[in-house]
Amino acid sequence: MLLKKSDVAQALMKRDENGINELLRHYGPLIKYVIRPFLKNSADREECLSETVMLIWKNIDKFDGSKGSFKRWVTVVARNSAVSFLRKNKFSEELEELSEKIPSSEPSPEEALEIKERRRKLAKAVSMLSEKEKVLFYRKYYYFQSNIQIAAEMGITEKAVEGRLYRLRNRLRVMLGDDENE
Amino acid sequence: MSESRLQQENDGEFEKKLSEDISFLPPDDRTMSKITPFKKAMNMVLTGIALNCVVLNFLCLNYILPFIGIVLSVLGFRALRKENRWFYTCFILNIIKLVHFSVYIALNATIFSCSDKVYLISEIVNSAAAFIIIPHVFCFWQGLRAVNKKAGANSGTAAGAVLTLWSVILYVLQIIRYTGLIIPVVMLIIFAAVFISLCKISKNMNEDGFSLKPSAVKISDGKIISAAVSVLLVFIFLGYAFFGSYPMKWQAVNEMSYADTDEIKIQLIELGFPENVLNDLTAEEIKQCAGASKIVSESNDHPVNDGRTHVTYQANQVLTETVYDSNELRITSVGVLVPGEREKWIIFHHFQWTEDPGFCGTESIQILPAYIKADSGMISDRKISGRVLYDSDGKTFESPFYSLEEETYSYSSIIYRKYSETAVFGTFSMTEKGENYRGYVYYTAESGGLYNYFDSRINYTHQKSIFQYPVMTAKKNRMTYGINHSGVFVTVNDALMINI
């Protein structure tokens with residue numbers, strides 16, 4: 001049975017298995033779009049897609065409509081699923097290079113405090129960015145999109161992307177008070 | 001360690017920290033809605049389609065909007081071209097459209113666009129270019145279907161099929177020059193519905209993350225837009241600067257050939273031939289008037305300026321009238337009765353600028369000779385001749401008219417009724433380096449005995465300003481009876497009536 005996009009979350013919450021098919025139909029391309037920059041191999045992408053769908057099915061009770069749309073929640077799950085997949089499977093040079101940018105999992109208590117403070121500052125800094133800067137920031141550092149992909153989708157040259165990212169990094173350094181650069 | 005390597009390492013560490021920390025701060029809905037694969041490209045394509053279908057016939061928007069639309073379509077399909085062969089075809093088709101439309105716009109900045117030959121060729125080319133909309137829309141539809149299929153989705157793209165059919169009907173209506181109102185209104189409604197549907201499809205596909213094969217952008221959109229607009233403006237400027245007037249064949253008048261015409265000249269002056277006109281005729285033309293027995297002439301000074309508004313108050317009424325402080329154009333018409341089997345007249349229509357004419361663009365004289373109407377009762381070999389002259393540094397220069405020929409043409413009245421007329425048109429351009437601009441045409445006509453009078457009319461059209469688009473010549477303006485171009489051209493009417 002075909003469902004409207006807006007009814008998919010409801011179907012999943014009711015544990016309707018048709019909801020999985022409809023989730024794939026409506027949100028499959030979006031999940032693939034999020035996963036693609038993390039995983040170059042198409043077999044890995046298909047596997048990660050399946051894992052993402054299962055994660056959404058298992059954790060649908062954790063979706064809180066007051067914090068954002070279902071679509072947003074799906075992209076967060078997809079992104080985190082890709083990161084986990086990458087961490088689990090970091091065996092190739094290409095993946096290692098990318099995985100260096102992926103967060104490591106277990107900090108010490110002091111590090112945890114430092115990280116918490118840093119994140120608070122980052123949240124504040126990001127809220128002060130313009131909409132265009134936010135889009136560029138998330139494309140690069142959250143969705144791990146390459147400069148080529150960013151350039152193509154934003155209709156600018158790669159050099160322009162590099163320039164904007166350079167200025168963005170410098171601005172964030174100032175806002176975050178990056179001591180290591182002094 | 002070098003500074004740049006240190007910077008690179010620091011950048012790497014900084015980026016790693018950013019990526020670590022941002023994992024816990026996903027984007028909000030608003031930011032996420034902007035992170036889409038082809039929103040910008042598809043928006044440009046759809047905007048391009050819309051602007052190409054909107055026709056607003058004022059302030060040159062019927063040129064500006066389609067040009068913007070085609071440029072946007074080129075940019076949009078440039079980003080999408082690697083996705084599938086349909087979008088690539090759309091990209092190529094839009095480049096062809098851009099080249100064609102740019103040439104068309106540039107040509108309209110020259111007087112060539114008014115030439116009959118050029119008009120015929122451009123009509124054929126324009127019809128071929130208009131046909132492009134059909135394969136363009138079809139390929140766009142197929143491209144959307146291919147993206148759909150690749151993503152394993154089956155969201156409907158039927159709107160594309162409807163738009164393809166719509167473009168076929170539109171093309172047919174253009175070819176047959178349909179002038180009704182009902183069908184275009186229906187077509188407009190259908191287009192609006194289809195367009196909205198396409199926008200929704202694109203938005204959904206975009207938001208659903210239908211990703212595309214990215215095409216590397218080597219030249220930014222901004223640079224391409226700047227280049228396209230700059231090239232176009234340069235061509236338009238060149239058009240106005242170098243192709244806004246007729247190329248004339250000016251040469252110094254040979255004074256020596258007038259030696260044996262003095263006696264004839266004296267006779268003509270005694271009969272009443274205006275001396276200023278006589279002085280402009282060639283020796284051969286003067287000789288044709290030998291033995292003249294009667295001369296009828298009329299001279300009028302006409303204003304070519306806009307005048308000024310003069311307000312008077314009379315008996316509680318406010319009267320406004322336009323007053324002309326100068327009458328720059330003198331038109332003198334002369335009829336010379338010469339010996340012949342029947343009553344034979346040589347008719348001269350002479351014009352002379354008594355003041356600086358101002359802008360030197362295109363000029364036109366329209367002659368309605370005595371013989372032009374079938375029931376005029378006048379007989380003529382229909383050969384009409386003349387020349388234009390000016391003075392500079394004490395010398396006189398002459399040139400034949402750029403064209404001087406009889407033409408039959410049709411025009412529409414203000415209520416869109418079509419009329420047909422035959423007249424003789426002389427076209428020329430004055431040069432900016434001279435003074436005392438003048439010229440004349442003449443022809444012969446014999447009375448057939450049907451009527452005891454005849455008239456010969458002259459309408460002189462002067463181009464006052466360069467500011468017109470598309471460029472129209474004075475002749476074209478006269479042929480359309482000035483419906484399209486008020487303000488840039490002014491027409492002065494005069495006539496000679498002769499009782500026989």
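**Entry 1: a salt bridge inside chain A**

I noted the rule: a side-chain nitrogen of Lys or Arg lies within 4 Å of a carboxyl oxygen of Asp or Glu. Arg171(A) sits in helix H9 (residues 158–176) of chain A and Glu133(A) in helix H7 (residues 131–142) of chain A, so the pair ties together parts that are 38 residues apart in sequence. Helices here are DSSP runs (H or I, at least four residues), strands are E runs of at least two, and both are numbered from the N terminus.

Arg171(A) is partly exposed, with a relative accessible area of 32%. Glu133(A) is partly exposed too, at 23%. Buried means under 20% relative accessible area, exposed means over 50%, and partly exposed is in between (1.4 Å probe, protein chains only).

**Entry 2: ground rules**

I wrote down that residues are numbered from 1 along each chain as its sequence is written, and that chains are lettered from A and ligands numbered from 1 in the order in which they are written. Because the model is predicted, local features need pLDDT of at least 70 and side-chain atom pairs count only at pLDDT 80 or more, while totals for chains, interfaces and linings use all residues; side-chain values use heavy atoms, with hydrogens and water left out.

**Entry 3: chain A as a whole**

What is the secondary structure of chain A? I found 9 helices and 0 strands. Read along the sequence, the pattern is α-α-α-α-α-α-α-α-α. Chain A has 182 residues, and 49% of them count as buried. I also looked at contacts (heavy atoms within 4.5 Å). Among those in chain A between residues at least 6 apart in sequence, 55% join residues at least 24 apart. Chain A exposes about 9900 Å², and carbon and sulfur atoms supply 51% of that area. Accessible areas come from the Shrake-Rupley method with a 1.4 Å probe, and for residues only the protein chains shown count as cover.

**Entry 4: where chain A meets chain B**

I turned to the two chains together. In this contact, 54 residues of chain A touch 42 residues of chain B. About 4600 Å² is buried between them, with 56% from carbon and sulfur atoms. Buried area is the accessible area (1.4 Å probe) that two parts lose on being put together, summed over both.

How many salt bridges are there between chain A and chain B? The count is 5. Asp21(B) and Arg119(A) stand 3.4 Å apart, N to O. Asp21(B) is buried, at 5% relative accessible area. Arg119(A) is partly exposed, at 24%.

**Entry 5: a salt bridge inside chain B**

I then found Lys464(B) paired with Asp306(B), their closest N and O atoms being 2.7 Å apart. Lys464(B) lies in the loop between strand S14 (453–463) and helix H14 (474–479) of chain B, and Asp306(B) in the loop between strand S2 (294–302) and strand S3 (308–314) of chain B, so the pair ties together parts that are 158 residues apart in sequence. Lys464(B) is partly exposed, at 24%. Asp306(B) is exposed, at 58%.

Back at the two chains, I noted a network. Salt bridges that share partners join Glu114(A), Arg118(A), Arg119(A), Glu20(B) and Asp21(B).

**Entry 6: the domains of chain B**

Chain B is divided into domain 1 (36–242) and domain 2 (251–499). The bounds come from an automatic or database domain assignment. The two centres, taken over C-alpha atoms, are 48 Å apart. The contact takes 12 residues from domain 1 and 10 residues from domain 2. About 930 Å² is buried between these domains, and carbon and sulfur atoms give 65% of it. On the domain 1 side, Ile111(B), Cys114(B) and Tyr240(B) lose the most area, together 54% of what that side buries.
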